[in-house]
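I opened my notebook for a quick tour of this one. Below are my entries, in the order I looked things up.

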Amino acid sequence: MQVLQLLLSGIAQGCIYGLIALGFVLIYKATETVSFAQGELMMLGAFCAFAGMSLLGLPFWLAALLAVAAMAAFGVLLELVVIRPILGQPQFSIVMLTIGIGYVARGLITMIPAIGTETHTLPVPYKDQIWKLGELVVNVEQMAIILSTAVLCGLLFAMFRYSKLGIAMQASSQNQLAAYYMGIPVKRLNGLVWGLAAAVAAIAGMLLAPITFVHANMGFIGLKAFPAAVVGGFGSLPGAIVGGLVIGIVESFAGFYLPDGFKDTAPYIVVLVMLMVKPNGLFGEKLRKKV
């Protein structure tokens, strides 16, 4: 029974890692850029939902929808104003820019009086509820994370498989130049990808907030989502979720069965092993270059 409890906890935490890793992979596939601001986008999404519920008095579902819409618009604007002008520069410059975006976002939040420097509770309707299945105690907050992740993955799969927008995004991610010559608006799609990544990060933030609360430093969890993207394969959307589940389960069991300190280092040990055994990740594609 203890193993089942740890497994459930690990899956729930892994879903959060997977959702943030989805943002990494979406942006990388579209622009071949690694965005280290995903954790902070998640934090901003949680604060948007908190502001809608606490300051505006909106119900949770309405506040959540507005937070997702606001973060999607913010992601599109961020790509247009900050990222697009620097595209074509060395990758190191773009990576440093995304790290700087994360620091700026965290700094701006902490500058808000009585909000940015405090830890807040997101009053979701299912807060502190549990289900008992025999001897197994199921936290409703964890089940909400798992079910929401499953639904979101289904929606993303349907979008990329059946919608013109999703097919255009896939074409652009495979070859931007060819997609451009075929009449696909690549620049506009890049902005939409950043908006989609920010919206997914906002959903992850709202799912995580009832467990870890809303605070300015909650975005640091993105540092554990990056190993999830590496383990799953940096070019694979399903791999991001699978990698997140692997990291979450390993972290859950390491925190219970191993001495203190192993829980935080376990994700990076998994990454090192994966890079030695299968450098492209579980679902990564093998790239060959003719010389």
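Before the first entry, a word on naming: the helices here are DSSP runs of H or I with at least four residues, numbered from the N terminus. I also kept in mind that this is a predicted model.

I noted a positive phi of about 70° for F213, although it is not a glycine. I reminded myself that most residues other than glycine have a negative phi. Its relative accessible area is 34%, so I logged F213 as partly exposed.

**Entry: helix α3**

I checked the length of helix α3 (residues 60-83) next. Its 24 residues should span 34 Å at 1.5 Å a residue, and I found the end C-alpha atoms 32 Å apart, which agrees. Then I listed its buried residues: F60, A63, A64, A67, M71, G75, L78, E79 and I83.

**Entry: E40 and its partner**

I counted five salt bridges in the structure. One of them joins the side chains of E40 and R106, at 2.3 Å from N to O. E40 sits in helix α2 and R106 in helix α4, so this pair ties together parts that are 66 residues apart in sequence. Are these two buried or exposed? I read 6% relative accessible area for E40, which makes it buried because the cut-off is under 20%. R106 is buried as well, at 10%. Leaving aside neighbours within four places in sequence, I saw E40 in contact with G102, A105, R106 and G219.

I moved on to K127 and E141, whose closest N and O atoms are 3.9 Å apart in a salt bridge. K127 lies in the loop between α4 and β1 (130-133) and E141 in helix α5 (residues 140-162), so the link ties parts 14 residues apart in sequence. I noted K127 as partly exposed at 22%, whereas E141 is buried at 5%.

For D264 and K224, I found a salt bridge with the closest N and O atoms 3.1 Å apart. D264 is in helix α11 (residues 262-277) and K224 in helix α9, so parts 40 residues apart in sequence are tied together. D264 is partly exposed at 46%, and K224 is buried at 17%. I also saw that salt bridges with shared partners join K224, E251 and D264 into one network.

**Entry: cysteines**

How many disulfides does the structure hold? I found zero. C15 is in none, and the nearest cysteine sulfur, that of C153, is 7.6 Å away. I logged C15 as buried at 5% relative accessibility and C48 as partly exposed at 30%.

I looked up A240 in helix α10 (residues 237-257) and read a relative accessible area of 0%, so A240 is buried. Leaving aside neighbours within four places in sequence, I found A240 in contact with G18, A21, L22, V25 and A228. From A240 to V230, 10 residues apart in sequence, the C-alpha distance is 8.0 Å.

I ended with Y181, which is in helix α7 (residues 176-181). Y181 is exposed, with a relative accessible area of 64%.

Methods. Residues are numbered from 1 along each chain as its sequence is written. This is a predicted model: local features need pLDDT of at least 70, side-chain atom pairs count only at pLDDT 80 or more; totals for chains, interfaces and linings use all residues. Side-chain values use heavy atoms; hydrogens and water are left out. Helices (H or I, at least four residues) and strands (E, at least two) are DSSP runs, numbered from the N terminus. Buried means under 20% relative accessible area, exposed over 50%, partly exposed in between (1.4 Å probe, protein chains only). The expected span of a helix is 1.5 Å times one less than its number of residues. A disulfide is a pair of cysteine sulfur atoms within 2.5 Å. Contact means heavy atoms within 4.5 Å. A salt bridge is a side-chain nitrogen of Lys or Arg within 4 Å of a carboxyl oxygen of Asp or Glu.
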